[in-house]
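Biologist: I'm new to this one. Can you put it on screen and take me through the ring contacts?

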Amino acid sequence: MNLKQCFKSILQDLLCDRFDAYFFSKKCCHVKAQIEFEFTVHASGVLQLEESNTSLNLFKSALQELPEHIKLLKHPSRVFFFAKTDIQPLGGLIVVNKVNNTDAIALSDSEEGLILHLLEVYFLQLKLLHSSAVDPLSQLLNRQSFEQQLTGIIQSESYLQTKKVRSESRWFLAMLDIDHFKKVNDNFGHVIGDEVIVLVSQLLKSHFRFDDLLFRYGGEEFAILFSTESAELAWKLLDRARELIANTRFPQVNHVTMSVGFIQVSADFQLSELVDNADKALYFSKDNGRNQVTNYQQLNIEPHVISDCDIELF
C-alpha cells in the first residue's frame, strides 16, 4: 500500500459513512464525489477562506478545478475545510457531511485534531518524496524521476497496444540542450551558468502544460515528456519553446539558444533506445546549425538489429 492509499484508508476508517473527504494539494485536485458546502474555522491550523494570502490563493485555485456540479451547489452548511500552510507542498482537505437534510453532523474536536495531525504527517512525507524527485537547482524533476516516468508511459503504451486501443493523443520524448553552454561557464563563470539553467527551466515550465513532465536530465540537458495529437503538433510545440528561449534576454549572457530532438514514445522501444534515438535527433540539430528541432522519425535511420555476433560473453 502506497502513501496515498494509506492516507485514504485511514480517512475512510475515521469518517465512516458520515462524511466524504476531498483532498487536494498545490499540484493536483482529487475529487471523489458530489459535495455541498460551507467553510468553518478550527483554532489549530484551519484557515478562514476569506484570508487573502498566498496559501489560500493556492487552495482557491484547487477549488476552481472542482467539477461544475460541485461548484454550483447552493447549500453552504456542511463542509469543514482543513489546510496546512507551514509545510510544503501546500494542500488541504474538504470533509463533507453526507446528510441531505438541514441537520448537519459536526466533527468532534478530537476528530478535527486527528485530521489535522494526519494532514501534517502526510504532507511531511510528501515533502520528502518531492525532495527526492526534484533537481534542487532547476526545480524540475530529476533524472531518476525521468526513468520512472518514462518506464510507466512505455508500459501504458504496451497495455493499450495489447488491448488494441488507440488513444487520440500520443506521448513524445524530447531532449533539449543549451547550445555552447561551456562558453557561458568559461566566459561568465558557473554562477551565471546556473542562472541560465534556472531561467531556461522557468521558461520551459511557463510554456508547457500542467500535465507535461519536465526534467533536468544532466548538466545543461533537459528532457520533456508530453502528449499531443501528432508529430507535427509536437514539432510546433517544441519549436515555439525553442523560439521563446532564443528571444529571451538573459542577464549578462544576453542570448542563448537550444537544440532539440524528439521521438514518439512507443512500446516497440526500450527506455534506453528511446533516449538514444531522441539524442540522435538532438545531435542532428546540433550538427546542422543548432537552434532547431529535429524529429527522429524523419531522419530515416535504420534501426540497429542485435545479432549473435554483437553479443560479447567475455
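Predicted model: local features only at pLDDT ≥ 70, side-chain atom pairs only at ≥ 80, totals over all residues.

Biologist: Where do Phe-146 and Phe-215 lie?

Modeller: Phe-146 is in helix 5, residues 143-162, and Phe-215 is in strand 5, residues 213-218, so this pair ties together parts 69 residues apart in sequence.

Biologist: And are those two buried or exposed?

Modeller: Phe-146 and Phe-215 are both buried.

Biologist: What about the rings of Phe-208 and Phe-226?

Modeller: Their centres are 5.9 Å apart and their planes are at 55°, so that pair counts as tilted. Phe-208 sits in the loop between helix 7 (190-207) and strand 5, and Phe-226 sits in strand 6 (residues 221-228), so the pair ties together parts 18 residues apart in sequence. Phe-208 and Phe-226 are buried.

Biologist: Which residues do ring pairs link into a cluster?

Modeller: Phe-172, Phe-208, Phe-226 and Phe-262.

Biologist: Changing topic. How far does helix 4 reach?

Modeller: Helix 4 covers residues 109-133, 25 residues, and spans 36 Å from its first C-alpha to its last. That is close to the 36 Å expected at 1.5 Å a residue.

Biologist: Which residues are buried in helix 4?

Modeller: Among them are Glu-111, Glu-112, Leu-119, Tyr-122, Phe-123 and Ala-133. Ile-115, Leu-116, Leu-118 and Leu-126 are also buried there.

How values were computed
Residues numbered from 1 in each chain as written. Heavy atoms only, no water. Helix = DSSP H or I, 4+ residues; strand = E, 2+ residues; numbered from the N terminus. Buried < 20%, exposed > 50% of the residue type's maximum accessible area, 1.4 Å probe, protein only. Phe/Tyr/Trp six-rings, centres within 6.5 Å; stacked < 30°, edge-to-face > 60°. Expected span 1.5 Å × (residues − 1).
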